[in-house]
Amino acid sequence: MPGVATTTEEIELQIDPGRGGGAAIRDGGDPGRGDGQSPAYQRASITGITLALGGILMFFLALTSSYIVRRGVTTDWQAFPLPRVLWANTAVLLLSSFTIEMARRALGRGAVAAFRNLWALTSGLGLIFVGGQLLAWRELRAEGVFLSTNPSSSFFYVLTALHGLHLLGGIVALAYVALRSWQGSKVGRATGAEVAAIYWHFMDGLWVFLLLLLTLGR
Amino acid sequence: MASHAEAVHAHVHSAPTGFIRKYIFSLDHKVIGIQYYFLALFSVFLGMSLSLLMRIHLVWPAIHLPFTPGGQMTPEQYLALLTMHGTIMVFMVLTTAPQSGFGNYFLPIQIGAEDMAFPVLNMLSFWTTFVSLVVMVAAFFVSGGAPIGGWTSYPPLSALGEIVGPGQGAGQTLWIVGLAIFCAASLLGAINFITTTIDLRAKGMTLMRMPLTVWAWLITAVLGLLAFGVLLAACALLLLDRTAGTSFFVPGGLVVTDQVITWHKGGSPILWQHLFWFFGHPEVYIAILPGMGVASHLLSTFSRKPIFGYRAMVYAMLSIGFLGFTVWGHHMFISGMSPYSAFAFSMLTMSIGVPSAIKTFNWLGTLWGGQIRFTTSMLFALGFVSLFVSGGLSGLFLAQPAIDLALHDTYFVVAHFHLIMGVAAIFGIFAATYFWFPKMFGRFLNEGIGKVHFWLTFIGVYCIFMPMHFLGIAGHPRRYADLTGVQYLSSLIPVQRFISIAAFITIGSQLLFLFNFLWSLWGGKKATEMNPWEATTLEWSIPSPPPFDNFAGHVPTVYRGPYEFAVPGAPHDYIPQNLTPAEAATGLTASGAPVKA
C-alpha cells in the first residue's frame with residue numbers, strides 16, 4: 001500500500017488493510033518490470049508445490065505406517081541384506097541436490113549457461129540414481145529375492161518403485177523447466193526452477209528417510 | 001491503488017472460441033464446475049437406479065428384474081448393486097458435486113479471482129475424474145460383473161480374485177484402479193482449491209471476510225489433500241495383493257470354497273481397515289462440510305440476518321475437520337480392537353458433537369427473529385439442518401462401542417449414514433442448485449415445482465430412513481439380499497415394504513427435479529437482475545451467467561464481511577461486500593446514481 005491515499009477506497013484500505021487480503025492475479029506484474037510476471041502467481045506456484053508435497057508425504061507416510069504395522073503384527077517377516085549399490089545411489093542423489101541448488105542460484109545471477117549445464121547435470125544424476133536403483137533390483141533378483149518373496153522384499157520393491165516414479169516425474173519437470181519457452185509466462189523460469197528444486201530436494205530427503213526405514217526398520 | 005482497482009488486465013488465459021476448448025477441454029473454472037455437476041447428476045441417477053432395484057428385490061424377491069441374467073436376482077448380483085451404489089454415490093456424487101462442482105464454479109468468484117490458480121490442473125482433475133467413473137462403471141460389463149465387496153472393499157474378499165465370487169475378478173480390479181485414479185484427481189483438485197484460496201483473494205478479502213462457503217471448500221480441500229493420498233497407497237497395496245502375489249492384507253491359512261489358499265500368508269486385513277477408514281472418516285466430512293457452508297450461507301441470506309457467530313462457525317468447521325482425522329477407529333469397533341483404543345476413539349467421536357452442536361445452534365440463532373424468505377433453496381437449507389441433526393444424533397449412539405457392537409451390522413447404521421452423509425449432503429447440493437442456478441445459467445428454476453420437489457423429498461427421505469432405525473434395533477442385519485423367509489424378521493416385512501414404497505415415491509419425485517432442471521435451462525424465467533436474492537457476496541455483483549473472466553477485467557475490492565444484513569441505518573437491508581463505505585452509507589455511487597445494491 002505505498003504512496004499517499006487519495007481516494008475513499010484507498011483510505012478505507014489503509015485503515016483496514018485487510019490482513020492478508022489477497023493481492024490477486026490482477027495486481028499484475030511488477031509495474032517496473034514489464035515482463036508480465038505476476039507475484040501472485042509466483043506465490044501460488046510455491047504454495048501449490050508445497051501442498052503437493054504435503055499430499056505426497058501423506059502417501060508415503062501411509063506406506064511407512066503399513067510397513068511398521070505389517071512388520072509388527074506377524075511372524076513371517078524376514079530381513080534380507082540390502083544391495084550395497086543403494087549407498088552409492090544415495091550419494092549420487094545427495095550430490096544432485098547440491099547441483100540443482102547451484103543451478104538455481106546461477107539462474108538468479110543471470111548466468112544462464114551455467115544454469116543450463118548444472119540443470120542438465122542434475123537430470124543426469126537423477127537418471128544415474130534411477131539406473132542404480134534398477135541395479136539394486138537386479139542384484140536382489142539374482143539372489144532370488146522377488147516382490148512376493150517376503151513382506152520385507154514386497155515393501156522394498158514398492159517403496160523404491162514409488163519413490164523412483166516420483167523421481168522420474170522430477171526429471172520430467174526439470175526437462176520442462178529447461179526446454180519450455182517462458183516468454184510471456186506469468187511466473188518465469190526462475191519460479192519454475194524454484195518449484196522444481198523444492199520438489200527435487202524433497203525427493204532427496206524422502207529417499208534418505210526411506211533408506212533409514214529400510215535399514216533401521218529391518 | 002485506485003488505478004489498480006480500475007485496472008483491466010488480460011485474463012490468465014484468453015477466451016477460447018472453438019467448441020472443444022470452450023466446452024470439452026475447457027480451462028474455465030465455471031465450465032469445469034458445470035462439467036463436474038453434470039458428472040454428478042448422471043451418477044446420482046445411476047446410483048439411485050441401483051438402489052431402486054435393491055429396494056424392489058428386498059421386498060419382492062421373486063419379481064423378475066431387468067439386467068439380471070435368468071430373470072432372478074442372485075445374492076451376488078444384489079451385493080454388486082450394493083457395492084456400486086455406495087461407491088458411485090460416495091465418490092461420484094457426494095465428493096464431486098458439492099466440492100468440485102459448486103466449489104469450482106463459485107470459490108474463485110466469491111474471493112474475487114478470475115480463475116483457479118492452475119487452470120490446466122483443474123481441467124486435468126475433471127477429466128481424470130471422468131476416466132475414473134468410466135473405469136468403475138466398466139466393472140458392470142466385464143466377465144463376472146461388478147465387485148461384491150461393498151464400498152469399503154475389505155480384504156480378503158477384495159484381494160483373492162474370482163475364487164471368492166463373481167465380480168471379484170476383473171470387476172474388483174477395475175474398481176480399485178478406478179478408485180486410485182479418483183484419488184489422484186481429487187488430490188489435484190485439492191491443491192488447486194487451497195492455493196487459489198490462499199493466494200488469489202481480491203484486495204480486502206481477508207480470511208475472516210470469506211463467505212462460509214469458501215471456508216467450507218477450503219477445509220474440505222485440506223481434508224482431501226491429507227486423506228486421498230492414504231487411500232491411494234492402500235489401493236496400490238491391495239492391487240499388488242491381487243495381481244503380484246504379495247501379502248500385505250491377506251492372512252495365511254484361508255480356505256475358500258474348499259480350497260486352501262497357499263499363495264498368501266501373514267497379511268493383515270485390519271491394516272486395510274485402518275488405511276481405508278483413515279481416509280474414510282474424513283471422507284464423510286468431505287461430503288458434508290460444503291453442505292454446511294451452503295446452509296450457513298443461505299440461512300443468513302434468506303433470514304436477512306448476519307450469520308450468528310461467524311468466527312465460531314469457522315472454528316467449528318476447523319475443529320470438525322481436525323477431529324475428523326482422529327476418529328477412524330469407530331468404524332472398526334467390531335474388528336477386535338483393544339477396549340482402550342475403542343474408548344479413545346469413542347471419546348474423540350463424541351467430542352465432534354461439540355462443534356456440530358455449535359453449528360446447529362448458530363443456525364437456529366441465525367433464524368431466530370429473522371425475516372425468513374421461504375425460497376426453495378432456503379427450504380432445502382432448512383432441510384439440511386433437520387437432517388444433520390437427526391442423522392447426527394444416532395452418531396452419538398454408534399460412537400459407543402457397547403452399543404455399536406449390537407447395531408454395527410444392522411439397518412441402524414444404514415439409517416445413520418444415509419441421513420447424515422447421504423441425504424443431508426444431497427440437500428446441500430439441492431439448496432446450492434436452486435440458489436445458484438440463475439447465476440450459472442441465467443435462468444431460474446421453477447419455484448413451484450421446486451417446492452413440491454422439496455416436500456416430497458423431505459418427507460420421503462424421512463419415511464425411508466427413520467423406520468430403518470427400528471429395523472436395526474429389532475436386529476435386522478444389513479447387506480442381505482433376501483431375508484423374507486427368516487422367521488424372526490417376518491414381523492418386519494411390512495416395515496421393509498413401507499420403506500420400499502417410500503423409496504419409489506422419493507425416487508420418482510427426483511424426476512420432477514430433473515424435468516425442472518432440464519426445462520429451466522432453456523425455458524426458465526430469465527434472471528435479468530444480477531442479484532435476484534439480494535445477497536451480499538461477490539458472485540451477485542456480476543452478470544448472470546458471468547463473463548469469461550468473471551469480473552470483466554475490473555478488480556473487485558472487498559470492504560466488509562459476507563453477511564452484512566439488516567445493518568442499522570443502512571439504506572438497504574443488505575450491503576454487498578464490494579460496495580465502498582460511501583456507497584453503502586448513502587446508497588449512491590460517486591456520480592450520484594442510486595447504487596444497485
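What is the handedness of the crossing of α3(B) and α15(B)? It is left-handed. The views below come from a predicted model.

**View 1. Helix α3 crosses helix α15 in chain B.** Helix α3 spans residues 29-59 and helix α15 spans residues 411-441. Their axes come within 13 Å and cross at roughly 145°. The crossing of α3(B) and α15(B) is left-handed. From α3(B), the contact draws on B:Ile34, B:Tyr37, B:Val44, B:Arg55 and B:Leu58. From α15(B), it draws on B:Tyr411, B:Ile426, B:Ile429, B:Thr433, B:Met440 and B:Phe441. Nine of these contact residues are nonpolar, one is polar and one is charged.

**View 2. Helix α5 of chain B is kinked.** The helix covers residues 96-110. It bends by about 55°, and the kink is centred on B:Gly103. α5(B) is mostly covered, with 15 of its 15 residues buried. Just after α5(B) comes B:Gly112, which takes a positive phi of about 80°.

**View 3. B:Thr213 sits in helix α8 of chain B.** This helix runs over residues 212-243. B:Thr213 has 1% relative accessibility, so it counts as buried. Neighbours within four places in sequence are left aside here. Beyond them, B:Thr213 is in contact with B:Gln110, B:Gly293, B:Val294, B:His297, B:Trp436 and B:Tyr563.

**View 4. B:Cys235 is in no disulfide.** The count of disulfides over all chains is zero. The nearest cysteine sulfur to that of B:Cys235 belongs to B:Cys183 and is 5.1 Å away. A disulfide would need the two sulfur atoms within 2.5 Å. B:Cys235 is buried, with a relative accessible area of 1%. B:Cys463, by contrast, is partly exposed at 24%.

**View 5. B:Gly561 lies in a loop of chain B.** The loop is the one between α17 (493-523) and α18 (581-586). B:Gly561 counts as buried because its relative accessibility is 17%, and the cut-off is under 20%. B:Ala503 is 58 residues from B:Gly561 in sequence. In space, the two C-alpha atoms are 42 Å apart.

**View 6. A:Tyr199 is part of helix α6 of chain A.** Helix α6 takes in residues 188-216. A:Tyr199 is buried, with a relative accessible area of 13%. Which residues does A:Tyr199 touch, not counting residues up to four places away in sequence? They are A:Ile49, A:Leu53, A:Ile56, A:His166, A:Gly169 and A:Gly170. A:Ala136 stands 63 residues from A:Tyr199 along the chain. Their C-alpha atoms are separated by 24 Å.

**View 7. A:Ser152 belongs to helix α5 of chain A.** The helix extends over residues 151-179. Is A:Ser152 buried or exposed? A:Ser152 is buried, and its relative accessible area is 6%. Apart from neighbours within four places in sequence, A:Ser152 is in contact with A:Trp77, A:Gln78, A:Ala79 and A:Phe80.

Notes: Residues numbered from 1 in each chain as written. Chains lettered and ligands numbered in written order. Predicted model: local features only at pLDDT ≥ 70, side-chain atom pairs only at ≥ 80, totals over all residues. Heavy atoms only, no water. Axes fitted to C-alpha atoms, helices over the stretch in contact; angles between N-to-C directions. Helix = DSSP H or I, 4+ residues; strand = E, 2+ residues; numbered from the N terminus. Left-handed = near helix turned anticlockwise from the far one by under 90°. Contact = heavy atoms within 4.5 Å. Nonpolar A, V, L, I, M, F, W, Y, C, P; charged D, E, K, R; others polar. Bend = angle between axes of the 7 residues up to and from the residue. Buried < 20%, exposed > 50% of the residue type's maximum accessible area, 1.4 Å probe, protein only.
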